[in-house]
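The tour goes stop by stop.

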Amino acid sequence: MVLKIRLARFGKRNSPFYNIVVAQARTARNSKPLEVLGTYDPIPKPPPSGEGKPIKDIKLDTSRAKYWLGVGAQPSEPAWRLLSMIGLLEPKYHGPPRTEEGEKVEGRGR
């Protein structure tokens, strides 16, 4: 039984809202999950104090997420990004390789 940590979409058109869920890999996106770990609201809301950058709301039960990752559940790409923002996983970096000084490595001449 292959398990995935992924996002299940809810909300109206042009107003998405996601549940972060654990489900079997072969089930549909919005089918009944094994467990709901948290929620993600991608629409930026103004901060409570009224000053500063707008905030995207992420609520997650970190102890259950650690449990499912320990059991072997594989996160999807969007779920990986959210879990890396919280600090449960290492972020995936897809940029060009860089040297220690921060300079780009030159490609092969062709």
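**Stop 1: salt bridges**

Select Lys59 and Asp57: their side chains meet in a salt bridge, 3.9 Å from N to O. The term means a side-chain nitrogen of Lys or Arg within 4 Å of a carboxyl oxygen of Asp or Glu. This is a predicted model, where local features need pLDDT of at least 70, side-chain atom pairs count only at pLDDT 80 or more, and totals for chains, interfaces and linings use all residues. Residues are numbered from 1 along each chain as its sequence is written, and side-chain values use heavy atoms, with hydrogens and water left out.

Lys59 is exposed, at 52% relative accessible area. Asp57 is partly exposed, at 32%. The classes are: buried under 20% relative accessible area, exposed over 50%, partly exposed in between (1.4 Å probe, protein chains only).

How many salt bridges does a search of the whole structure find? It finds 3.

Go to Lys45 and Asp41. Their closest N and O atoms are 2.9 Å apart, in a salt bridge. Lys45 is partly exposed at 37%, whereas Asp41 counts as buried at 14%.

Now pick Glu35 and Arg64, a salt bridge with its closest N and O atoms 3.0 Å apart. Glu35 lies in strand 3 (residues 35-45) and Arg64 in helix 1 (residues 62-71), so the pair ties together parts 29 residues apart in sequence. Helices (H or I, at least four residues) and strands (E, at least two) are DSSP runs, numbered from the N terminus.

**Stop 2**

Switch to cartoon view. An open sheet of 5 strands runs in the order 4-3-2-1-5, with mixed pairing. Strand 4 (55-60) and strand 5 (74-75) stand at the edges with a single partner strand each, so one side of each has no neighbour in the sheet. Two strands pair if DSSP finds at least two bridges between them. Strand 1 (residues 3-12) and strand 5 run parallel, joined by 2 bridges. Select Ile5: it stands opposite Pro75 in strand 5.

**Stop 3: Trp80**

Select Trp80, in helix 2 (residues 77-86). Trp80 is partly exposed, with a relative accessible area of 21%. Beyond its neighbours within four places in sequence, Trp80 is in contact (heavy atoms within 4.5 Å) with Pro75, Leu89, Glu90, Pro91 and Lys92. Zoom in on Glu90: its backbone oxygen lies 2.8 Å from a polar atom of the Trp80 side chain.

Definitions and conventions: A polar contact is a pair of N or O atoms within 3.5 Å; within protein, one must be able to donate a hydrogen and the other to accept it, and residues adjacent in sequence count only if both atoms are side-chain atoms.
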